[in-house]
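Let's sit down with a model and learn to read it piece by piece. Have a look first, then we'll talk.

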Amino acid sequence: MSRTALRICPLCEATCGLILTIEGTRVTSARGDRDDVFSNGFICPKGASFGAVDGDPDRLRTPLVRRGGELREATWTEAFDAVAAGLRPVVERHGPHAVGMVLGNPNVHTMAGALYPPVLLAALGTRSLFTASTVDQMPKHVSSGLLFGDANAIPVPDLDHTDHLLLIGANPLESNGSLCTAPDFPGKLKALKARGGTLTVIDPRRTRTARLADRHLAIRPGTDALLLAAMAQVLFEEGLVDLGELSPHVQGVDELRDALRDFTPDSVAAACDVDAALVRTLARELAAAPTAAVYGRIGSCTVPHGTLASWLVDVLNILTGNLDRPGGALFPQAATDRTPRPAGPGRGFALGRWHSRVSRHPEAKGELPLSALAEEIDTATDEGTPVRALIAVAANPVLSAPDGDRLDKALDSLDFMVSVDPYLNETSRNADVVLPPPPPSQSPHHDFAFNTLAVRNQVRYSRPAVPLEPGRMAETEILARLTLAVTGMHGTDPSAVDELVIGQTLGKAVQDPHSPVHGRDAEELAAQLAGESGPERRLDLMLRLGPYGDGFGAHPEGLGLERLLAHPHGLDLGPLRPRLPQPLKTRSGKIELLPQPIADDLPRLRRAAAERPAGLVLVGRRHLRSNNSWMHNVPSLTGGTNRCTVQVHPEDAERLGLRDGEPVRVKGAGGEVTAPAEVTDGVRRGVVSIPHGWGHDRPGTRMSHASADPGVNVNQLLDGSLLDPLSGNAVLNGVPVELSPLG
């Protein structure tokens, strides 16, 4: 007999509400939840494939432990015994920095990934942290940190109310949005046009989003920051700067004018391959619109000047008075945010508090570049100990980081590696212990990270739709036990981790004069927490202390877990609202428009205005039915347009002797790959596009569908040496490549 259950989709950043149909313990179908307060019934092909993702027969069901050189099934007790025996000696012999941690993108899509890795990292005390952020969005974190004093204070476009939207390096019709949580992003763009608004897309590919635009600029890859700087220069030159209500909150306007004086449209036109008159038009239209927002994403982050491009996105919003303004770009307020504090100067944001051991890359937001992981393992120096053990959580850097071949060999040389992953993939196959979390239907869900980026304030929570299968272990318990195993507390009840966090959080809250529980008894408050588990108690704690919370009775109409459970389709908390100066944590208490690290990097951008690529350059691309590499193992999410091909413009194909569908060799600084050519005018001349996340041809994996059509690893074309210096983000777009027919 079938039943239904509600579930928030964890497969991309849109976080749509689903209604699952369940037969016994098997999810047989998924449809959009029309009553969901945020997504209103919208669903994409990934969400519709929830059941296939959830029931993938290649998902690991029991832990694997390496014995006699082979990974073999083991009990959970045996697995955690092996973890404690493998990791603790490394810490004791070499210190905590010899243990590296790699956190993959799926961490931010789960409750466990949000709640436990910070605790694990703090308990271990390692500075050897690497995450997917440095092959994705780290430039935005760094620019936000420098501008606003908080690396997580990221303004998002007010999609439902703006009159003019400029997208650069973003393709939300296929990505569903990123660093901007918006169910039905396509519908919101169509609604913008229907109400008479303007959509401009800047992208070297004519994507589905670009085809919807009123104007599409096929910019030369990697020149995003030059174009944006020239637009800002026009605003100054033509007297179009109007900060409006932002004026009291901004410092450095005059200094910025001087710093951008040389970035005229004429000086950047050739490098960007965009007419100077059009650059001026873009700036004038942005300034003239009643409301407007500039939004940049991965295409403008994964380039040599990614931090400068991310900074200039917000600079344009500020100079036109559109930051923190309805219809512009605003700061969301999530229900689990910390208790709002009075506005005023903060600690600010610092870069380079420590450096990587080999290439001396500065940390950013506590992280080292993922591109540097291989050398931190396989290269000896006079300073410090190499990474000798690794904890990988939901990460597959052999495919997601540059030069996977080198990293693959480096992982094989480790003293010990543990991977928390549902699959035996290209990375976890190197582990000594693999700890598989259960499928999403058997896990609770709340979007801690994505609600801080949502285009409307709301809060939703899903309990597991299916009971935890016998022999499975909740991902929250896996990460709690992992924390205990690596810190010398192996065998302690895993609930101790949650109780420790609750005790520490309440201990600080009762001493904080700005907290709603200031002066109260922490143990008494802990006893009031609702929830069936430690993770639910922690969620209840965050909700009750948050900006909409009941403050443990201080605000009786406020939010807590019990009220949220009474609203299974979620609670709408209203549209985004102006919040300045409260989000600012800079030392000045103002938006610091020209931070010194940015000013110091501008000469490098000036030099780029004179550069011209001699040959072809590479860009990635995104498919609607894909997000992370493991999705290639789900038949319903592959095939059709979701193929690993080399897109090349017809004129380039004719010049090089390439034919559609025939194999083409692509060579880069890190190696070469061979894949079918796809001749299309969807890419501009001089540009080659290969999708990210493929290359499932390594032995020892258990991903049967993916390995049957493996594709190629585009990141093998990169040697890892090209980074944005401020953020450490890998340069994945605009890098030179050579093409030739295979024959």
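Predicted model: local features only at pLDDT ≥ 70, side-chain atom pairs only at ≥ 80, totals over all residues.

Q: How do I read a sheet, and in what order do the strands come here?

A: Strands of a sheet pair through backbone hydrogen bonds, either parallel or antiparallel. Helices (H or I, at least four residues) and strands (E, at least two) are DSSP runs, numbered from the N terminus, and two strands pair if DSSP finds at least two bridges between them. In this model, 7 strands make an open sheet with mixed pairing, ordered β5-β4-β17-β16-β15-β6-β7. β5 (70-73) and β7 (129-131) each have a single partner strand, so one side of each is left without a neighbour in the sheet.

Q: Which strands does β15 pair with?

A: β15 pairs with β6 in the parallel sense over 5 bridges, and with β16 in the parallel sense, also over 5 bridges.

Q: Which way do the side chains of β15 point, and are they buried or exposed?

A: In a regular strand the side chains alternate between the two faces of the sheet. From β15, Ala-389, Ile-391 and Val-393 point one way, Leu-390 and Ala-392 point the other way, and all are buried. Buried means under 20% relative accessible area, exposed over 50%, and partly exposed in between (1.4 Å probe, protein chains only).

Q: Which helices lie across this sheet?

A: One is α5 (residues 117-124), which lies across β6 (99-103), β7 and β15 (389-393) and runs at about 165 degrees to β6. Another is α19 (residues 475-486), lying across β15, β16 and β17 at about 160 degrees to β16. Axes are lines fitted to C-alpha atoms, for helices over the stretch in contact (heavy atoms within 4.5 Å); angles run from 0 to 180 degrees between N-to-C directions.

Q: How many disulfides are there?

A: A disulfide is a covalent bond between the sulfur atoms of two cysteines. The search looks for a pair of cysteine sulfur atoms within 2.5 Å, and it finds 0 in the whole structure. The closest cysteine sulfur to that of Cys-16 belongs to Cys-12, at 6.2 Å, too far for a bond. Cys-44 is in no disulfide either, with the sulfur of Cys-12 5.1 Å away. Cys-16 is buried, at 7% relative accessible area, and Cys-44 counts as buried at 10%.

Q: What about the largest nonpolar core: how many residues does it have?

A: A nonpolar core is a set of buried Ala, Val, Leu, Ile, Met, Phe, Trp, Tyr and Cys residues joined through side-chain atoms within 4.5 Å. The largest one has 64 residues, and Trp-311 and Ile-591 are among those with the most contacts inside it. Its largest share, 11 residues, comes from α10. A second, separate core has 53 residues, including Val-99 and Leu-484.

Technical notes. Residues numbered from 1 in each chain as written. Heavy atoms only, no water.
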